Amino acid sequence: MSPVPPIDAPPDPLAAVRQPMDRANGLPNAHYIDPDVYAEERDALIFGQWAGIGVAAQAPDPGDAFPVDFMGMPLLMLRDRAGVLRVFQNTCRHRGMILVDAPGNIAGALRCPYHSWCYATDGRLVATPHVGGPGQNLHPAIERDSLGLVELRNHVWRDVVWVNVSGKAPPFEQAMTAVIAHMTEVERPLFHGGADSHFELTVRCNWKLAVENYCESYHLPWVHPGLNSYSRLEDHYHIEHEGKFSGQGSHAYRPLRGEAGERFPDFANLSARWRRAAEYPTVYPNVLFGVHRDHAYAIILLPQGPEKTVEQVNIYYSGADTDPGLRARNTAQWREVFHEDVAVVEGMQKGRHAVHFDGGRFSPAMDGPTHCFHDWVAAQMQKARGGQPGQ
Ligand code: FES
Ligand SMILES: [Fe+2]
């Protein structure tokens, strides 16, 4: 039994997080339950960075429009006539009406439902009916060239649509140099498995707990007994790249096989290492990757408030044609694994309402990738608050 620690917060709890991990604390409770800190983190950790909002497969054809409520920010993924995926604010330049409220295809122009201003799929304002009075579709004050949809910086990598809302992050390739280099060996064309290879889980936890749980293999024996039966704790290794990404890998991957021993085709020209390797890096802030010789997945965390997160899962293969039965089994297998994690992330969320919880202590041997993420969070928050420089 330990005495109740003083409730008064230490002078700088983020400095305690940034200690070497054998004496570091985890992030304070406020980072998981306080709406004000949630809003601060939205700006510093999500809108200020390159964050995933969805996948390009959600808008595969010219004219496809897919609205996303991204932490309250209305966004619109829109594939233009030339086939370029763009991300706009989903807000009309006239009176601020939401333009698209459900996924669909824009056959002609994108028409605002309020006063029918129309936008081309590349965002240009192309029609302003009666804007100069009845029957007058032009007015000198309404300069269409400057009233197109507001486009956000976006980039598609591994089919994930990344957006920098603030506009202030370094260019994507620069911000992601380290993780792109880490993944070079498995950089292959990805083919989305289709409707059966997409699912979502809603979890009652802060989005960071989903990251933290994904970062570690420590919980495998108790939370994933099935997975652990062939990919054991001792088969895993840490992935730690300070300030950018962290997670875990395994040396014991076993491809899924059908009744007759059939399996998904491998990605082309992988090195021998990938016969048994699997890697699960989290790219900060909110994209969780899974990479294997024969399939890959991306999980995008869509925070819904301090204590609720939607996990959007998309699974990819090395070619367009894969066996639907095997694909369904693969989806079911992953759904089960991710479902096994729900109770622990929700339990950790509840645990953070204990006023005497101090952020917790890490296992120096097992929790390195989680501490790596906390250090990044704390560094970004210090930077945003104008304290010590982050990295
Ligand atoms: S708000 Fe869109 S046309 Fe008026
Ligand atoms: Fe897990």
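Visitor: H224 and D341: buried or exposed?
Guide: Both H224 and D341 are buried, meaning under 20% relative accessible area, with exposed over 50% and partly exposed in between (1.4 Å probe, protein chains only). This is a predicted model: local features need pLDDT of at least 70, side-chain atom pairs count only at pLDDT 80 or more, and totals for chains, interfaces and linings use all residues. Residues are numbered from 1 along each chain, and side-chain values use heavy atoms, without hydrogens or water.

Visitor: Which protein donors does the iron ion (ligand 2) have?
Guide: H219 (NE2), H224 (NE2), D341 (OD) and D341 (OD), lying 2.1 to 2.6 Å from the iron ion. Donors are N, O and S atoms within 2.8 Å of the metal (3.2 Å for Na, K and Ca); water is not among the atoms, so sites may look incomplete.

Visitor: What spacing do they follow along the chain?
Guide: H-x4-H-x116-D. H224 sits in the loop between α7 (220-223) and α8 (225-228) and D341 in helix α9 (residues 324-351), so the pair ties together parts 117 residues apart in sequence. Helices here are DSSP runs (H or I, at least four residues), numbered from the N terminus.

Visitor: New topic. Where is H182?
Guide: In helix α5 (residues 177-182). H182 counts as partly exposed, at 32% relative accessibility.

Visitor: What does H182 touch?
Guide: I239, F245 and E279, leaving out residues up to four places away in sequence. Contact means heavy atoms within 4.5 Å. H182 and I239 are 57 residues apart in sequence and 10.0 Å apart in space, C-alpha to C-alpha.

Key
Chains lettered and ligands numbered in written order. Helix = DSSP H or I, 4+ residues; strand = E, 2+ residues; numbered from the N terminus.
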